[in-house]
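The following paragraphs walk through one protein structure by its secondary-structure elements and their packing. Please keep the sequence and the coordinates in view while reading.

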Amino acid sequence: MDASLPSCPDNGPPTASPPRAAPALSASERDLCDFICSGPLVERIGYTKEKVADSIDRWLRCGAQVARLLRLDELQLSEAEKARIYQFYIPVFLWCEDQVIEHRAKYDDGDDIPPLVIGLSAPQGSGKTTLVFALDHLFQAAGRKSAILSIDDFYLTSKEQNELRNRYPGNALLELRGNAGSHDLQFSVETLESLMKLTKEGIKMKVPRYDKSAFGGRGDRADPSVWPEVEGPLEVVLFEGWMLGFKPLPNEVVKAVDPQLEVINKNLEAYYDAWDRFIKSWIVIKIREPSCVYQWRLQAEITMKADGKPGMSDEEVMDFVSRYLSAYHAYLPKLYKEGPNGSKPDHLLVIDIDEGRNPICG
């Protein structure tokens, strides 16, 4: 001990510090705190009521940002809008940000830190695109550069999709885009590897996009002139898709679901190296019944048409979605039971949703 410092007398074990007083909240802040804590995700992301109260200013700030993004009046939210923002989008964002902070803490000062790739596996129409849109906005508002990717961005071009269909005549699962085999996996690897290198200021790249409205809704890769540009240092990549994390199954299992899945299952073997190995944190949106996808997809097409884009008719939507249902029935049970390919429990957030796309207790 330094002789210049007086020694501390030994008066027995130290007295425990008195508990810290809870922050003084206004009546409206207390109501919001109670509302947030009544949602199904708060405990799952590691928040207590005290922690929510301590950070209520941040919840309010994030809530206002998301409301404005969705063109809602943050002071006049309906119960459904309030639940979507404060019991869904913000809890997921806070979990994602904790994942990013933990990821970056593994590196030393001065290291080139690759962005954290967060995978969002969710059925079509379940709201994953809007969720990712909100997460990206919140990351940008927090000063963290982020990029958005979808598995759709790696679909084969229209010409290549036609060639795939001709190689497997009679297989309805490969007639249109969607199932394993209809993606340019080498293109996805090159894109993800390039994003991993965006660690410094001034480094830029264009991120591919797919135009679902092309060819009457059959789709085609968008022209590179309209691809968005991202710039380093990138901290997070939000990668979403309906079949992210699917694992190949024994051949007899998929044949029992649908014999046409046999080639899909074989194609799926290459997807871990192309996609899942890049993903270090996972969000899985869990649904009770795959048939919900029909209605959700119809709603998505109506929205696309309202935006002035051509889309599929109701009959075409029904036909389109039917080509995915076999994969849902085959692969979702294992995804929900074991988690995505390569996922770890501390880096996996499973969110059960109802038919209205609202989070519920699992």
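**Loops, sheet and helices**

P233 sits in the loop that runs between β6 (229–231) and β7 (236–241). Helices (H or I, at least four residues) and strands (E, at least two) are DSSP runs, numbered from the N terminus. The peptide bond that joins G232 to P233 is cis, with omega about -5°.

The model is predicted: local features need pLDDT of at least 70, side-chain atom pairs count only at pLDDT 80 or more, and totals for chains, interfaces and linings use all residues. Residues are numbered from 1 along each chain as its sequence is written, and side-chain values use heavy atoms, with hydrogens and water left out.

Two further loop residues deserve a look for their backbone angles. Most residues other than glycine have a negative phi, and most peptide bonds are trans. R71, in the loop between α3 and α4 (79–105), has a positive phi near 60°. R357, in the loop between β9 (348–353) and β10 (359–360), also has a positive phi, near 70°. Are these residues buried or exposed? R71 is exposed, with a relative accessible area of 79%, whereas R357 counts as buried at 17%. Buried means under 20% relative accessible area, exposed over 50%, and partly exposed in between (1.4 Å probe, protein chains only). From R71 to M312 the separation is 241 residues in sequence and 27 Å in space, C-alpha to C-alpha.

Next comes the sheet. Six strands form an open sheet with mixed pairing, in the order β2-β7-β1-β8-β9-β10. β2 (146–150) and β10 stand at the edges with a single partner strand each, so one side of each has no neighbour in the sheet. Two strands pair if DSSP finds at least two bridges between them. Between β2 and β7 there are five bridges, in the parallel sense, and L149 has F239 in β7 as its bridge partner.

Two helices lie across this sheet. α4 lies across β1 (116–121), β7, β8 (281–286), β9 and β10, and runs at about 160° to β8. α5 lies across β1, β2, β7 and β8, and runs at about 175° to β7. Contact means heavy atoms within 4.5 Å. Axes are lines fitted to C-alpha atoms, for helices over the stretch in contact, and angles run from 0 to 180 degrees between N-to-C directions.

The helices can also be taken in pairs. Two packed helices are described by the angle between their axes and the distance between the axes. The axes of α3 and α4 come within 10 Å and cross at roughly 110°. That makes α3 roughly perpendicular to α4. Angles under 35 degrees count as roughly parallel, over 145 as roughly antiparallel, 65 to 115 as roughly perpendicular and the rest as oblique. Residues of α3 in this contact include W59, L60 and V66, and those of α4 include Y89, F93 and L94. By class, the contact of α3 with α4 has 13 nonpolar, one polar and two charged residues. Ala, Val, Leu, Ile, Met, Phe, Trp, Tyr, Cys and Pro count as nonpolar, Asp, Glu, Lys and Arg as charged, and the others, Gly among them, as polar.

α3 (residues 56–69) also packs with α5 (residues 128–141), their axes coming within 10 Å and crossing at roughly 125°. α3 and α5 are therefore oblique to each other. C62, Q65, V66 and L69 in α3 meet F133, A134, H137, L138 and A141 in α5. The contact of α3 with α5 has seven nonpolar, two polar and no charged residues.
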